[in-house]
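This briefing covers a single protein chain, shown below. Please keep the view open while reading the points that follow it.

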Amino acid sequence: MTSPDPDGLLAEQLLRLTRRVHRIQKRHLEQHALGITPAQSRLLRTLAHFGGPPRMADLAESLEVVPRAVTTLVDGLEGSGKVRRVPDPANRRVIRIELTNDGHKALRELRRARRAAAEEILAPLTGEQRKTLGGLLDTLVGTVPTQGRGC
C-alpha cells in the first residue's frame, strides 16, 4: 500500500486551479467582447508596466517568450488598433511598442474582467482566508507582499 503524496496532491490542486482561472478569465474576456486572447491580454498588461514604450525584445524578456511570439501578438493588437509601433527617437533602427487610446480602454476593460473572474474564484473564501492565501501566494511567487491587494 502506498502512502498519499501530499506534494503531488498540492501540485495537482494548483494545476486544476490554474486551469480554472484561465477558463473563467477567458469566459469573462469573451463576455466583454474585446476580441483579445489571453496571451494578448498578458502582453497589454505587461506593456502597461513599462515607464515608456518598450522594444519588442524587452517585451519578450518580460513575458519570458521568444521574440517571434511577441511579434505575432503585436501584429494582432496593432491590427485591432490597441497598440502601435513607433520609432525610437535615439535610434531609428529600433521600434518601440506603445498603447493607443483604444489599448488603454481595452486595458481598463481587461482589469474589470479579471477582477470579476477573481471575485468569482474567491467567492467561497472569507476575508481572513483571502489574506492568508495572498500571503502564501506571495511566498510561492517570491514577491513582496502588497498593500490593499488588487487584481
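The coordinates are a predicted model. The chain has six helices and two strands, and 26% of its 151 residues count as buried. Its elements follow the order α-α-α-α-β-β-α-α from the N terminus.

**Overall form and surface**

- The C-alpha trace spans about 65 × 30 × 30 Å along the principal axes of the chain.
- Among contacts with a separation of 6 or more, 48% are made by residues 24 or more positions apart.
- The accessible surface is about 10400 Å², and carbon and sulfur atoms account for 56% of that surface.
- There are 25 positive and 17 negative side chains. The centres of these two sets lie 4 Å apart.

**The largest nonpolar core**

- In soluble globular proteins, nonpolar side chains tend to be buried together.
- The largest nonpolar core in this chain holds 21 residues. Those touching the most other members are Leu43, Leu44, Val70, Val74, Val83, Ile97 and Leu110.
- Two or more residues of this core come from each of α2 (38-48), α3 (56-63), α4 (67-79), β2 (95-99) and α5 (101-122).
- Valine 74 has contacts with Leu43, Met56, Val83, Arg85 and Ile97, leaving aside residues up to four places away in sequence. Leu43, Val83 and Ile97 are also listed with valine 74 among the core residues that touch the most other members.

**Helix α2 and its cover**

- The buried residues in α2 are Gln40, Ser41, Leu43, Leu44, Thr46 and Leu47.
- The cover over the buried residues of α2 includes the helices α1 (6-31), α3, α4 and α5. Both strands, β1 (83-87) and β2, also contribute to this cover.

**Arginine 55, between α2 and α3**

- Arginine 55 sits in the loop that joins α2 and α3.
- The side chain of arginine 55 makes a polar contact with the side chain of aspartate 58, at 2.8 Å.
- Setting aside residues up to four places away in sequence, arginine 55 touches Val94, Ile95 and Arg96.
- Valine 86 is 31 residues from arginine 55 in sequence; the C-alpha to C-alpha distance between the two is 9.6 Å.

**Glutamate 64, between α3 and α4**

- Glutamate 64 belongs to the loop between α3 and α4.
- The phi angle of glutamate 64 is near 60°, a positive value in a residue that is not glycine.
- Glutamate 64 has a relative accessible area of 73%, and the cut-off for exposed is over 50%, so glutamate 64 is exposed.

**Threonine 100, between β2 and α5**

- Threonine 100 is located in the loop between β2 and α5.
- Is threonine 100 buried or exposed? With a relative accessible area of 9%, threonine 100 is buried, because the cut-off is under 20%.
- Which residues does threonine 100 touch, not counting residues up to four places away in sequence? They are Gly81, Lys82, Val83 and Arg84.
- The side chain of threonine 100 also reaches the backbone nitrogen of aspartate 102, at 3.3 Å.

How values were computed. Residues are numbered from 1 along each chain as its sequence is written. This is a predicted model: local features need pLDDT of at least 70, side-chain atom pairs count only at pLDDT 80 or more; totals for chains, interfaces and linings use all residues. Side-chain values use heavy atoms; hydrogens and water are left out. Helices (H or I, at least four residues) and strands (E, at least two) are DSSP runs, numbered from the N terminus. Buried means under 20% relative accessible area, exposed over 50%, partly exposed in between (1.4 Å probe, protein chains only). Contact means heavy atoms within 4.5 Å. Accessible areas come from the Shrake-Rupley method with a 1.4 Å probe; for residues, only the protein chains shown count as cover. Lys and Arg count as positive and Asp and Glu as negative; His and the chain ends are not counted. The place of a charge is taken as NZ of Lys, CZ of Arg, CG of Asp or CD of Glu. A nonpolar core is a set of buried Ala, Val, Leu, Ile, Met, Phe, Trp, Tyr and Cys residues joined through side-chain atoms within 4.5 Å. A polar contact is a pair of N or O atoms within 3.5 Å; within protein, one must be able to donate a hydrogen and the other to accept it, and residues adjacent in sequence count only if both atoms are side-chain atoms.
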